[in-house]
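Me: I'd like to learn how to read a structure like this one. Please take me through it feature by feature.

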Amino acid sequence: MWNMPVDNINYAVAMILFCIGFYTLIMRSNLIKKIIGLMVMQVSVFFFLVSVGYLTGGAAPTIIPGVAPSPMVNPLPQAMILTAIVIAVSTTALFLSLALKFYSHYGTVDMDKVKEDKR
Amino acid sequence: MKKILALLLTCALAALLLYVVALLPPMGDADNPTNRHVVPRYLEQGEEEAGTRNIVAGVVLNYRGYDTMGEMAILSAALAGIFAVLGTGRKKVGNAFIDRSGVQFSFISRTAAVLLIPLIMLFSIYVIIYGTDSPGGGFQGGAAIGAGIMISTVAFGFNTAQNRLPHHVRMILEGTAISAFFLVGSAGAVGGGNFLTYMLPSLATQIQATFRTAMLLVLEFGIGITVGVICTSILFALLREEETYNVEHAG
Amino acid sequence: MVNEIYSVQPLVAILLPVISLLVALAVPGNYRRLKRMIHVIGSLAAFGMVLSLMPGILDGEVYGIELIAIVERISIHLTVDALGYYYGLVLAFLWLLATVYSLGYIKHKDDRYYSFMALCNSFLLGCAFSQNIFTYFIFYELMTLAAFPLIIHEETETARRAGIKYLKYAIPAGAVILFAILLHYFWGGGDLSLVSLGTLSMDTASKTILTVIFLAYFAGFGVKAAIVPLEGWVPDAHPAAPAPASALLSGVILKAGAFGIIRVVLNVFGLSLFHALNLWTYVVISASITIVLSSVRALTQDNLKRRLAYSSVGQVSYILLGIGLVSYHGILGGIMHLAHHALMKGCLFLCSGIILKKTGKTNISEMAGVGYQIPVTMICFSVCALAMMGTPLTVGFVSKWLLGSGALQVDKPIFIVVLLISALLSAAYYLPIIYAAFFKRPEKDNEDRPLLFEGEVSHTMLLPVLILAVLVILAGVWVTVPGFPYSLVSMVARGLFP
Amino acid sequence: MESAQHFAIYAIVTPLFAAVLVPVITLWKKNWAMPLTGLALTISLILSALLVSPVRASGYLSYHLGSWDPPFGIEIRIDFLGVFMMVLISAVSLIVAIYSRRYIAPDPSREERTFFFFGEEMEEGKRPVYYSLFLVLSAAMLGFVATGDIFNMFVFFELMAICSYALVAIPGTRLPIRAAIKYMLMAVPAAMLALLAIGLLYSVTGTLNMADLAETIASSDYTQVITVSYVILVIGFAVKAAIFPLHVWLPDAHSKAPSSISALLSALIVKMGIFGIIRVTFSVYGAYFPSGLSWVTGVLMWAAAGAIIYGGIMAIRQKDFKLMIAYSTVMNIGYIVLGFGLADVTALVGGTYHIMAHAAAKACLFLCAGSIISRSGYQTIEHLRGASRKMPLTCAAFALASLSIVGIPPTAGFVSKWYLVSGSLNTGNALLGVVVLAGSVMAAVYCFRVVYYMFFLPPLNGAWQERTREAPISMVGPAWVLAAASLALGIFSSWILPPLREAIESLLLGI
């Protein structure tokens, strides 16, 4: 069941984004850049989910009274993303506050610079 | 060395994921499992079952309201976590609140803010109220509220904004959503349904729909208030940490 | 399967020392005499409880009580059959004497000491009365840990090192035994009981598996039973521990390992399988090597308790030797030697404690004329030492004789040679002590007067020594008195050789 | 019974609601935080305990939220394993909460010397935050084990994760912050992987309800996609569970967090990852198990063996007290995962029983460590010499719990090791049985070393001189409850094992 890449181009892009984020996360020693990589990962997953929910020629899943019901895109992934976005926002906020504290302790956000620290 | 290893790891991951992508059903196809299995019921009966024209809101608040409760809990937990990391600000560090946040007291920004903020609030309330029937809802409205408060912070300075919305008030407000979910859910449980049931068999049929709408509104407002307040609190906490740092280091 | 009579007595016997321990802990700290008395009463009560089972046991009854199941289908199950009862009787008796002796001997940290004495006592009784190897293992492990504070009681550096060494040997041994039990459980169809004559059989497991199981058991228990490559902790632990503790160590705790091997041979494998798989060769060979080697090394020791420790290493192997030659007299002698050696060696260690207390001497080379200072003790010592050599009219002679005739029954006279060699060697390392004690001039004190008799130690320390010495002779003369080892062990042996 | 169906959901939402109330109430009543926490956790403990008999009566208990029947709504689906975990979670959380009261807020009137984390006291404003996070954490764990919907599982997983990051970092000093960052850097991508896996799964099945997923998967043609999603999901959970190669975050986080939180992390949170793996494997991918996924379990099995050996060696080499206990956790995770990796009923019974045994014993160890460190300020094992002279009760509890860690009969650790080894013999991996026993010998080395230092060695010169006193009853009591539990769970294991075995059998063979 190999599909032409053009069909699933969104999926492919999402996966590549995911890998880019992952690479940033592990390669950068700068904490802020790590967090950015993390956010790229999150966004790529959302992108993937939203593409999963897509329906060719589907309208937004909102019933407008008096308008004949047309095929609508899948609302469930959108609801999932709504939840996942909030989760991502909370995680990022917490992470940023940790980074802030880290900075105020060490005066830098570079993880490698403070490797050796035995209280 | 580490570079190579990371590169290899990433490439392996990419290969795996792209391999899967090639096997996934074609995107947007009408007879994908995603479009065949559960969703049709949402789309067809969503309006009368869940009582929302906006199906997404119906899914978020009604079919999968439990997820949303967990999500609200995550927001509150994140705020609590930020307090846990940065401190709640009860501990005054010297004269911590010398105001360095943004443009302050400039005439233009103040006037603009005075003009904008009421509109923003009004709009956010509109978004919240009509969230069940049109695009929008608690999150969007709450975000708008948060944006309004941020504007006021920029315009009138950190201290003013914080005094308008002091810590304990925010502490009380940030629990609104969870409390709303708890009460609404318990109402369902008491009324003969399950937790988070809105169509109560114990009620007369003609007021059931009304009751459901009321419950949904309560939830929307709870979510909106919580989101707005938590955005504000996070902003304030981060600002305060910056102040503290400046005081400690810049002296 | 023997049908056992439900009885709580074994459980009560096990619990009594623990109860006394709890009571003693409840007593406020400034009544030290009262605390000790409670401990003595506890061990006395345990001994009495064991004694109360005697008549039934002599009639061939079996008492038992099943407690809660730990892992499914395997429960903690207490059973008193003749063999278990025999071991329980010996250890409860020796424990009573040692506790009484400790009253005069132990001076500091006595709370901890007596508490762990009581714990060890009840755990060992549990070992003796266990119905399945699982229960045996549980009590065995607990006893292993509870013996540690007794060994390092003096808290000197050497004592600590000895204790650590003891754990280094004992804990891996426990793991090995556990592995053996699990193999046994897996290949033996889940039957771990110790009441029938052999639960394993060739048709459930292959020859190699059975051999592996046996060797794992043998090595695991061999650490406690001090078989030669595994005996390293014994000569360190005995001198380090206080005298009563070392008396119990070599008198009873070493025997726990030997007893485990006896149980494995008689009740897990059964003599027929044991013989068919030629497992007996491992046992007798390692036992003989141990006997000879330990006797030789004992010769070179100057520290009294160290010499005694090496002698115990050898003597415990007598028991294994007796089991190894699968013959009526051999098994009779071997199992009887368990009690005999407990009596003799217990007495010897207690005497060494008195010598230390009274004259402060630990090395044999300094013991010139000790016999003039503490004549009673040294006479008891000499009696037991002679018994060790196997002098007639003592228990040592009985067991050696039975072992020898056992060797002849399966005509393997080579082992008589082993016995004779060890007898000669033990003569060579015991007689000098007696000679030094009685036939050398006592040393002078600083006013140039010879150190002579100025009263023995307190009665609480002297009495156990006397009792043991008397028993060594009585049990050697009237062997068949009911209640003495022969009466019980002969039941076991007759059960094995109908 | 009618009302019993609501017990599950209220066991979950009561702590959540209390978590909202705590900061509000403490605005006026400073010291009501802990009683409120205790009350909420007691309620959820009682409710979970009441669930046991109905669940045992009818294999599982299913509760439809919003009375939408699955797969359209979210379903709470509790089998015996779930209720077992719920009782464990609420009980341990309650005990640790009681411990926390005097641990984070020493009583000034008794001039207790306190070295709360590393010599710093907890800023007072953080105390309500602590309890609030604590409650949310418990609620999240309860929801995680109770839910029957895979996306909902993810939500609670994230909720739990956020609370644990925050609680690790709550001291605000340098090392906890770094530990928390390290933790997040590994756990957040893992969660993203899990979400991606759920997305993949959804895209080929179109449903999120576990039971429904199991059916759909059984008859799906997207075999490779499903397998890959399983692998990604397992990796996502494995990071949280700190399975051997992915354990890197664990020692730091567990040793730098406040001890009460370390207890919670070690006793419960890492177990959640393993529970997640078990849950998805049997309730979602059951059709592929074990034939299709045997290589995954094989990998896990050897990873577990590696964890046992590595954890044991590292624990022996540690000088820092809490770091040693943390590495011991790495090792014990190995035992639990081994039970899963062997894919054998007996072994899995051992593994799940070890979840409970290790929870009781390790929580006790961490609580004792917390009492000692917070009262004396000493953190290296060297300094523990003679500790029993000043803090006898704490040290005794430590000794009792370490018996269970080593697996001395008849403690709970022994029971689980027994089942693990017999399971490994059942599956013909005698070598793994040897590894397990070698592991318990290593455990004996590092545990008994500490016990020996505490009881049989004189204090280091100058140490333990100052007015260190025994920890208050509200800190010793919980430790003793856990120690006694780790003993009682060994002796009375026959009360828990049969239903557990039934549950495991229905999981492993019933699908």
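Reply: Let's start with D:Ser67, which has 18 C-beta neighbours inside 10 Å and so counts as partly exposed. The idea is to count other C-beta atoms, placed from the backbone, within 10 Å of a residue's own: 20 or more is buried, 12 or fewer exposed, and in between partly exposed. This is a predicted model, where local features need pLDDT of at least 70, side-chain atom pairs count only at pLDDT 80 or more, and totals for chains, interfaces and linings use all residues. Residues are numbered from 1 along each chain as its sequence is written, with chains lettered from A and ligands numbered from 1 in the order in which they are written.

Me: What is the phi of D:Ser67?

Reply: Near 40°, which is positive even though the residue is not a glycine. D:Ser67 sits in the loop between β1 and β2 of chain D. Helices (H or I, at least four residues) and strands (E, at least two) are DSSP runs, numbered from the N terminus. C:Asn278, another non-glycine, also has a positive phi, about 60°. That residue is in the loop between α10 (243-276) and α11 (279-299) of chain C, and it is exposed, with 10 other C-beta atoms within 10 Å.

Me: Which residues does a cis peptide bond join?

Reply: One such bond links D:Pro70 and D:Pro71, with omega about 5°; D:Pro71 is in the loop between β1 (60-64) and β2 (75-79) of chain D. Another links D:Pro409 and D:Pro410, at an omega of about -5°, and D:Pro410 belongs to the loop between α15 (392-406) and α16 (412-426).

Me: At what angle do α4 and α10 of chain D pack?

Reply: For helices, axes are lines fitted to C-alpha atoms over the stretch in contact, and angles run from 0 to 180 degrees between N-to-C directions. Here α4 (126-146) and α10 (259-284) pack at about 30°, with axes 11 Å apart. They are therefore roughly parallel, the label for angles under 35 degrees. On the α4(D) side, the contact (C-beta atoms, placed from the backbone, within 7 Å) uses D:Leu137, D:Met141, D:Phe144 and D:Val145, while α10(D) supplies D:Leu264, D:Leu268, D:Met272 and D:Phe275.

Me: How many helices and strands does chain D have?

Reply: 19 helices and 2 strands. Of its 511 residues, 69% count as buried, and the C-alpha trace spans about 70 × 60 × 40 Å along its principal axes. Among contacts between residues at least 6 apart in sequence, 79% join residues at least 24 apart.

Conventions. Angles under 35 degrees count as roughly parallel, over 145 as roughly antiparallel, 65 to 115 as roughly perpendicular and the rest as oblique. Two residues are in contact if their C-beta atoms, placed from the backbone, lie within 7 Å.
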